[in-house]
Amino acid sequence: MGAIDLGPVWLSLKLASVTVLALLAIATPLAWWLAYTEKRWRVAVEAIAALPLVLPPTVLGFYLLVLLGPAGPIGRHWVALTDSALTFSFSGLVIASIVYSFPFAVQPLQGAFERIGRKPLEAAATLGASPLAAFFRVASPMALRGYVSAIVLVFAHTLGEFGVVLMVGGSIPGETRVVSIAIYEHVETLEYGQAHALSAGLLGFSFVVLLAVYVINRRARLGVGYAVG
Amino acid sequence: MAELSLDIALERGSFALEVRERLELAGITALFGPSGSGKTTLLRIVSGLETRAAGTVTFDGEDWQRPGRRVPTHRRRIGYVFQDGRLFPHLDVERNLRFGARAADGRAAIRFESVVDALDLEPLLGRRPTSLSGGEQQRVAIGRALLANPRLLLMDEPMSSLDVRRKAEILPYIERLPDAFGLPVLYVTHSIDEVARLASEVLLLSGGRVVGRGAVADVLERIDLWPVTGHADAGTLVAGTVEDAADGMASIRLERQRLRVPLRAMSGKPRSVR
């Protein structure tokens with residue numbers, strides 16, 4: 001039994017952080033649109049955005065593999081641009097994680113924006129705030145709890161990702177070999193000691209993060225500051 | 001004197017609003033009518049928050065809305081006091097007040113200190129909106145609207161959610177607004193007492209149409225408008241000077257007579273009574 005390789009741990013944390021940042025940027029405008037639009041086909045968009053919740057990771061992974069592969073409609077252009085393939089690369093994993101965790105970002109944000117409603121935004125407009133200023137000065141601070149939920153859920157969900165990673169990324173050390181994959185391989189090769197160490201670490205970390213979120217949420221609810229959201 | 005001209009139509013299901021009026025705004029102009037008569041909708045059209053109306057809105061020579069073009073709410077120089085206050089819960093009172101703080105357009109800016117003084121907001125500055133009473137919240141909302149340096153103040157039943165005592169508390173503040181800040185006010189209400197007490201002109205709405213307009217005293221006297229102003233409530237408005245007032249009774253001197261009425265008032269002040 002050798003020393004525990006921390007490489008997969010750092011890779012998982014890096015993947016989760018990048019996914020969180022990317023999803024905040026992508027999910028915010030979509031959640032905003034879903035919360036405020038009166039278009040009837042918004043329900044179709046909502047259903048599509050929720051698909052990753054119900055699809056088996058293998059189905060997602062399969063289609064991503066087809067799309068991102070060197071001959072696929074997206075992968076082809078990536079190869080032309082960067083001279084390297086998206087599949088079995090860190091960049092490919094990021095794209096897969098964004099798709100996989102999409103609903104975990106959109107839903108808490110949409111819920112937060114819906115609870116805020118139009119009224120505070122109307123008030124901001126009458127005070128001279130442009131829609132963008134109203135978003136940054138009113139909607140996003142009022143949606144703080146929605147943002148905390150989205151960040152934590154996406155981060156934790158990405159750490160726990162397995163099937164999609166296996167199909168799109170494989171297990172290349174330093175590139176796509178994240179914690180969940182490393183644990184699987186340790187078990188396969190009967191290195192239970194290492195599997196234990198990584199599993200216990202992931203378990204403890206996840207618990208601490210969730211505990212922190214519940215504490216923050218509870219404080220926010222008890223305090224007077226964020227009565228909405 | 002600022003001119004507001006409206007030529008607008010809005011249809012929403014069974015409700016239709018059609019208003020074509022040219023208003024000279026000075027002091028407080030009341031938009032009065034029963035529930036569902038379109039007062040609030042009209043105010044929202046003037047503010048630009050209601051975007052489905054067709055037609056034109058012009059204020060002081062500036063086109064706020066004409067076919068094919070609409071100035072968005074945040075570029076109209078208005079202040080808006082909502083029925084429900086709508087203070088921002090994540091900001092304390094002072095930061096709510098300073099939220100608008102638009103630069104004044106050439107005219108003297110309304111100063112923070114003068115608004116805080118006029119509305120007695122000093123003790124509230126550090127508080128959170130959720131810890132304020134309904135009346136306090138509305139005072140802050142009025143202050144916040146003023147500090148955005150509007151050219152027209154729109155008020156949508158700002159006292160409807162308050163009980164009688166809180167109303168009495170906040171009325172004097174609203175009464176002083178036009179003089180203190182040199183600003184025309186468009187005031188939506190379904191309370192005839194508020195019209196009588198606050199407004200100089202009134203626009204009477206019923207079923208989405210203007211059915212009467214003019215000086216408050218004249219409109220309230222018109223028998224043909226009783227169905228709208230409220231028959232049982234009809235009365236006349238007299239203006240006089242308060243001679244002396246004590247224990248909730250006041251003597252008001254009209255031209256040759258003296259009227260004793262149950263009223264809290266200050267001696268020597270002009271006052272209208274219904």
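This is a predicted model: local features need pLDDT of at least 70, side-chain atom pairs count only at pLDDT 80 or more; totals for chains, interfaces and linings use all residues.
1. A word on handedness first: a crossing counts as left-handed if the near helix is turned anticlockwise from the far one by less than a right angle, and as right-handed if clockwise. In chain A, helix 5 and helix 8 cross in the right-handed sense.

2. Residues are numbered from 1 along each chain as its sequence is written, with chains lettered from A and ligands numbered from 1 in the order in which they are written.

3. Back to those helices (DSSP runs of H or I, at least four residues, numbered from the N terminus). Helix 5 (residues 90-116) and helix 8 (residues 144-159) of chain A have axes 8 Å apart, at an angle of about 160°. Helix 5 of chain A is therefore roughly antiparallel to helix 8 of chain A (the term covers angles over 145 degrees).

4. Residues are in contact if their C-beta atoms, placed from the backbone, lie within 7 Å. Among those that meet are F104(A) and L109(A) from helix 5, and Y147(A) and L153(A) from helix 8.

5. Do look at chain B too: 20 of its residues are in contact with 18 residues of chain A. Strand 7 (residues 78-81) of chain B gives the largest share of chain B's side, three residues (strands are DSSP runs of E, at least two residues).

6. Chain B also holds an open sheet of five strands, ordered 2-1-4-5-6, with antiparallel pairing (strands pair if DSSP finds at least two bridges between them). Strand 1 (residues 2-12) and strand 4 (residues 54-59) of chain B pair over six bridges, and L6(B) stands opposite V57(B).

Conventions:
Axes are lines fitted to C-alpha atoms, for helices over the stretch in contact, and angles run from 0 to 180 degrees between N-to-C directions. Angles under 35 degrees count as roughly parallel, over 145 as roughly antiparallel, 65 to 115 as roughly perpendicular and the rest as oblique. Two residues are in contact if their C-beta atoms, placed from the backbone, lie within 7 Å.
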